[in-house]
Amino acid sequence: MNRSIDALAIGLERLLGALLIVAVLYNFVNVVGRYVFGQTFISADEVQIYIMVYIAFLGAAVATWRRMHLRMDVLVQRLPRGAQAALGAVELALVVVLASFVLYVASGYVHQMAGLDARSQNAGIPMWIPHSAIVIGFGLIAALSVLQIIQLFRKGDAP
C-alpha cells in the first residue's frame with residue numbers, strides 16, 4: 001500500500017510542479033502583454049492566486065504523507081522510543097480530528113458557494129472551485145493520517 005500512495009504522492013508533486021509552471025508562464029505572458037502590447041489578462045491575478053491555493057493545500061497532503069510538516073520535536077527526540085510512539089499516535093489522532101473538522105466546515109461552505117452560483121469578479125470562475133482546494137487538501141490529510149495510524153498499529157510501534 002505504501003508504494004501505491006508514494007506513487008500517488010509523486011504524481012501529485014508533478015501535477016503541482018506543472019501548476020506552478022503554468023502560473024509562472026501565465027504571469028510572464030501577462031507581463032509581456034502589458035508592457036509590450038499594452039494588453040493584459042484581467043483574470044491573471046485571480047487565476048494565479050487560485051493555482052497557488054491548490055498548490056498549498058495539495059502540497060500539505062503530500063507533506064502529511066511524508067511526515068514532513070514543521071513540528072517542535074526537540075524534546076520529543078529525547079524521550080524513550082515508547083513515549084515517542086505514543087506522542088506520534090496522539091499527534092496523528094489530533095490531525096485526523098482537526099482535518100475532519102475543517103473538511104466538514106469547508107464542505108458546507110463549498111456547497112453553499114455552489115448553491116449561490118457565486119463567481120469570481122474578473123475571471124468568472126465558480127467560487128466553489130477554488131474553495132474546494134480546502135476540501136480536497138484536508139480530506140487527503142485526514143485520510144492519509146488515518147492510514148498512518150493503521151500502519152503504526154500494524155507495526156506494533158503503537159503505545
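## Salt bridges in this model

E13 and R66 pair up in a salt bridge, with their closest N and O atoms 2.4 Å apart. Please keep in mind that the model is predicted. The count comes to three salt bridges, and here is a friendly tour of them. As background, side chains of opposite charge can pair when their charged atoms come close.

**E13 and R66: how accessible are they?**
- E13 has a relative accessible area of 35%, so this residue is partly exposed.
- R66 is at 30% relative accessibility and therefore also counts as partly exposed.

**R67 and E91: a link from loop to helix**
- A salt bridge brings the side chains of R67 and E91 together, at 3.6 Å from N to O.
- Here too, distant parts of the chain are linked: R67 sits in the loop between α2 and α3, E91 lies in helix α3, and 24 residues separate them.
- With 33% relative accessibility, R67 is classed as partly exposed.
- E91 is partly exposed as well, at 28% relative accessibility.

**R119 and D117**
- R119 makes a salt bridge with D117, and the closest N and O atoms lie 3.4 Å apart.
- R119 has a relative accessibility of 45%, so R119 counts as partly exposed.
- D117 falls in the partly exposed class too, at 46%.

Methods: Residues are numbered from 1 along each chain as its sequence is written. This is a predicted model: local features need pLDDT of at least 70, side-chain atom pairs count only at pLDDT 80 or more; totals for chains, interfaces and linings use all residues. Side-chain values use heavy atoms; hydrogens and water are left out. A salt bridge is a side-chain nitrogen of Lys or Arg within 4 Å of a carboxyl oxygen of Asp or Glu. Buried means under 20% relative accessible area, exposed over 50%, partly exposed in between (1.4 Å probe, protein chains only). Helices (H or I, at least four residues) and strands (E, at least two) are DSSP runs, numbered from the N terminus.
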